[in-house]
Amino acid sequence: MYSDDVVRQLFYQIVVRLRDSLGKPKPFHYKLAILLGVREQEVRSWEGGGLPDEQTVWKALRLQMLLDALGNQVNAEDRIGFLLRFHQGLSGLRPIDCLDSASAAAEVRQLVFGDRNGGNEIPQG
């Protein structure tokens, strides 16, 4: 297992990339809290060096990978709308809810890209 310092550094890098990916119209802390299913105060604490639980770290990583894969094809606000909307192709679930596990995240990638892995492996955790 990795030390807390290593996980903290990696997670901070993910948070910085998510800030860039999610755009600025609404406060970043609010948007990330909604997407990860945590309180806004938790997101603020991470920027101060706090560390979330392991499941949140994995979900943030999967979220960033999906946003990276979408690239500039979809603007930031539409990405958030897509993630929060219920989709028939996901058995009526929202994509953001499917990022809690690697297998469900693969289903989101299939919905978006029409194949099993969209070219990138989904991180296990």
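**Exercise 1. Which residues have the most contacts inside the largest nonpolar core, and how many residues does that core have?**

Before starting, note that this is a predicted model, where local features need pLDDT of at least 70, side-chain atom pairs count only at pLDDT 80 or more, and totals for chains, interfaces and linings use all residues. Residues are numbered from 1 along each chain as its sequence is written, and side-chain values use heavy atoms, leaving out hydrogens and water.

*Solution.* 
- Step 1: take buried Ala, Val, Leu, Ile, Met, Phe, Trp, Tyr and Cys residues and join them through side-chain atoms within 4.5 Å. Buried means under 20% relative accessible area, with a 1.4 Å probe and protein chains only.
- Step 2: the largest such core comes out at 28 residues, and Leu18, Leu32, Trp46, Leu63 and Leu83 have the most contacts inside it.
- Step 3: sort by element, with helices being DSSP runs of H or I, at least four residues, numbered from the N terminus. Two or more residues each come from α1 (4–22), α2, α3 (40–47), α4, α5 (76–84) and α6 (102–113).
- Step 4: α4 gives the most, with six residues.

**Exercise 2. Work out how α2 packs on α4.**

*Solution.* 
- Step 1: the axes of α2 (residues 28–36) and α4 (residues 54–70) come within 10 Å and cross at roughly 110°. That makes α2 roughly perpendicular to α4, a label that covers 65 to 115 degrees.
- Step 2: list the contact (heavy atoms within 4.5 Å). Leu32, Leu35 and Leu36 come from α2, while α4 brings Thr56, Lys59, Ala60 and Leu63.

**Exercise 3. Classify the one aromatic pair.**

*Solution.* 
- Step 1: ring centres must lie within 6.5 Å, using the six-membered ring for Trp, and planes over 60 degrees apart count as edge-to-face.
- Step 2: Phe11 and Trp46 sit 5.0 Å centre to centre with 85° between the planes, giving an edge-to-face pair.
- Step 3: Phe11 is in helix α1 and Trp46 in helix α3, so the pair ties together parts 35 residues apart in sequence.
- Step 4: Phe11 and Trp46 are both buried.

Terms used
Axes fitted to C-alpha atoms, helices over the stretch in contact; angles between N-to-C directions. Parallel < 35°, antiparallel > 145°, perpendicular 65-115°, else oblique. Buried < 20%, exposed > 50% of the residue type's maximum accessible area, 1.4 Å probe, protein only. Phe/Tyr/Trp six-rings, centres within 6.5 Å; stacked < 30°, edge-to-face > 60°.
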